[in-house]
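Here is a short tour of a protein model for anyone who likes to know how the numbers were made. Have the sequence and the structure open beside you as you read.

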Amino acid sequence: MSSKFGSPYKGSAQITREQFLFYEMRITAKLMCEGIDDNELIKRIVDENLFQYPTEKSIKQMAKTCIKRLRTMKDENLIEAVASGTSESAKQICMYAMMKQYRLVWDFMITVIGEKYRIQNFSFGQMDTNVFFMQLQEQDDYVAGWSESTVKRLRQVIIRMLVENDYLDSNRSDHINPVWLNPVLENAIRSNHDDRALTAFNCFT
């Protein structure tokens, strides 16, 4: 069992504030592709209120989050695809970015979703997320300290992410849909030596 201080899930609770952020990621990626440096990029997003948020503090915070997520992928082609690719492919790349940033999302997508694809069991329900969080709490002291409301909000963010990426038809769906992995993303995942992540996208070749 990992300690509270050495937990790979530290910071995961902030997902409840940050969410999936597709709209914001798209805007940030477009500015990145213009070659604007990070500080100028944040300033422009804030000055022009490009995220349409009520406060400057929240805009700045989310701009930094988007930059961090996009940079985490270490691939300019993926940033370009988020900026100008189809909505479907861009969302898929944003999900990979979220997996890269948060160990919680990484583990869920591989151990729950990827495993379902592997064994061809497409049923899905609240029990799947409950078991995932319960097992995490048994293994990790830091996660064990999360309140029931934190776990509930994290579950909601994950479900919304699955709906946005067409894994689920709605937040009440009882099955996951087969998905098709965008070739640009597949190449990047392999280049990053993240082959384990392929299962999360129903890719086993």
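Predicted model: local features only at pLDDT ≥ 70, side-chain atom pairs only at ≥ 80, totals over all residues.

Residues are numbered from 1 along each chain as its sequence is written, and side-chain values use heavy atoms, with hydrogens and water left out.

**Pockets**

A pocket here is an open set of points on a 1 Å grid over the protein atoms alone, where a 1.4 Å probe fits and protein lies on both sides within 12 Å along at least five of seven lines; lining residues have an atom within 4 Å of a point. Points are joined across faces, edges and corners, and the volume is the space filled by probe spheres set on them. Helices are DSSP runs (H or I, at least four residues) numbered from the N terminus. For the classes, Ala, Val, Leu, Ile, Met, Phe, Trp, Tyr, Cys and Pro are nonpolar, Asp, Glu, Lys and Arg are charged, and the others, Gly among them, are polar.

| Pocket | Volume | Lining by class |
|---|---|---|
| Largest pocket | About 280 Å³ | 3 nonpolar, 7 polar and 3 charged residues |
| Second largest pocket | About 180 Å³ | 3 nonpolar, 5 polar and 4 charged residues |

Of the 13 residues lining the largest pocket, Gln126, Arg155, Gln156, Ile159 and Asn171 lie nearest its centre. Two or more lining residues come from each of helix H8 (126-139) and helix H10 (148-164), and H10 gives the most, with 4 residues.

In the second largest pocket, the lining includes Thr86, Glu88, Lys91, Asp166, Tyr167 and Trp180. Helix H6 (residues 87-101) supplies the largest share of that lining, 4 residues.

**Helix contacts**

Axes are lines fitted to C-alpha atoms over the stretch in contact, and angles run from 0 to 180 degrees between N-to-C directions. Contact means heavy atoms within 4.5 Å.

Helix H2 (residues 22-33) and helix H4 (residues 56-72) have axes that come within 9 Å and cross at roughly 70°. That makes H2 roughly perpendicular to H4 (65 to 115 degrees counts as roughly perpendicular, under 35 as roughly parallel, over 145 as roughly antiparallel, and the rest as oblique). Here Glu24, Met25, Thr28, Ala29 and Met32 in H2 meet Cys66, Ile67, Arg69, Leu70 and Arg71 in H4. This contact of H2 with H4 has 6 nonpolar, 1 polar and 3 charged residues.

The axes of H6 and helix H7 (residues 103-119) come within 5 Å and cross at roughly 115°. On the H6 side the contact includes Met95, Met98 and Met99, and on the H7 side Val105, Trp106 and Met109 are among the residues involved. By class, H6 with H7 gives 7 nonpolar, 1 polar and 2 charged residues.

H7 also packs with H8, at an angle of about 130° with the axes 11 Å apart, and the two are therefore oblique to each other. The contact uses, among others, Leu104, Phe108 and Val112 of H7 and Phe132, Phe133 and Leu136 of H8. The contact of H7 with H8 has 6 nonpolar, 2 polar and 3 charged residues.
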